[in-house]
Amino acid sequence: MLETVYRFLEKHVPEAIPLPFTRIYDLFARTRLMKDFYREVASEVASEIYSGKILDVGTGPGYLPIEIAKLAPNIEVIGIDLSNDMVRIARKNAEKAKLLEKVKFMVENANEMTFEDSLFDLVISTGSLHHWKRPIRIINEIYRVFKDEGNAWIFDLRSDIPK
Ligand SMILES: C[S@@+](CC[C@H](N)C(=O)[O-])C[C@H]1O[C@@H](n2cnc3c(N)ncnc32)[C@H](O)[C@@H]1O
């Protein structure tokens, strides 16, 4: 059953979320459930890292980088997304939070990032992996862009939910 769900997602879920689903996703990301999730991840990040550079892969509406910037002002956060509209929404959300100078959002394909090697202290990604058509390629790219002593934290849907 789970296999079937995954095959369906792989086939029918587009890699980049298109308009108008970007707008719908932004509304979902503002729910208490999601806000609590972003805050929890951000506080874990802030308790591990005090300064340096963090990359958020598949940032969507950008709430995770925004939460990190609130908790850890010495961290520079860059959020990337394949969807132009998501990046537009993320910038607007950062502007509303008055954090446009602390967080940067870029349209970038994680399959082929333009960042130099060993740039980031931490790479994070939440809820994006199930959209990746070439996950191994993206994981290799993530490995390339974090520093030797860096880390990657990738959060996504659980595959071991009860049937
Ligand atoms: C479900 S959203 C998750 C957004 C956000 N990280 C969150 O937790 O709310 C997945 C995002 O990954 C992006 N994405 C998918 N494939 C990507 C790729 N190859 N490179 C960059 N972003 C990608 C999509 O456009 C979408 O905005």
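Why are Tyr 25 and Phe 28 separated by about one helical turn? The legends below refer to a predicted model, and the view of the aromatic pair takes up this question.

**View 1. Tyr 25 and Phe 28 form an aromatic pair in helix H2.** Helix H2 covers residues 21–29. Tyr 25 and Phe 28 are three residues apart in this helix, and therefore about one helical turn separates them. A pair of aromatic rings is described by the distance of the centres and the angle of the planes. The count of aromatic pairs in the model comes to six. In the pair of Tyr 25 and Phe 28, the ring centres are 5.6 Å apart and the planes make an angle of 65°. With planes over 60 degrees apart counting as edge-to-face, this pair is edge-to-face.

**View 2. The ligand sits in the largest pocket.** There are 22 residues around the ligand, and those that come nearest are Glu 15, Tyr 25, Tyr 38, Asp 81 and Thr 126. Tyr 25, shown in the view above as part of an aromatic pair, is thus also one of the residues nearest to the ligand. Sorted by class, the shell around the ligand holds nine nonpolar, ten polar and three charged residues.

View 3. On its own the ligand has 600 Å² of accessible area, of which the protein covers 98%.

**View 4. A cis peptide bond leads from Leu 19 to Pro 20.** Omega of this bond is near 0°. Pro 20 belongs to the loop between helix H1 (2–12) and H2.

**View 5. Lys 98 has a positive phi.** The value is near 55°, in a residue other than glycine. Lys 98 is found in the loop between helix H5 (84–96) and strand E3 (103–107).

How values were computed. Residues are numbered from 1 along each chain as its sequence is written. This is a predicted model: local features need pLDDT of at least 70, side-chain atom pairs count only at pLDDT 80 or more; totals for chains, interfaces and linings use all residues. Side-chain values use heavy atoms; hydrogens and water are left out. A residue is near a molecule or strand if one of its heavy atoms lies within 4 Å of it. Accessible areas come from the Shrake-Rupley method with a 1.4 Å probe; for residues, only the protein chains shown count as cover. On a 1 Å grid over the protein atoms alone, a cavity is a set of points where a 1.4 Å probe fits but cannot get out, and a pocket is an open set with protein on both sides within 12 Å along at least five of seven lines; lining residues have an atom within 4 Å of a point. A molecule sits in a cavity or pocket if more than half of its atoms lie within 2 Å of its grid points. Ala, Val, Leu, Ile, Met, Phe, Trp, Tyr, Cys and Pro count as nonpolar, Asp, Glu, Lys and Arg as charged, and the others, Gly among them, as polar. Rings of Phe, Tyr and Trp (its six-membered ring) pair if their centres lie within 6.5 Å; planes under 30 degrees apart count as stacked, over 60 as edge-to-face and the rest as tilted. Helices (H or I, at least four residues) and strands (E, at least two) are DSSP runs, numbered from the N terminus.
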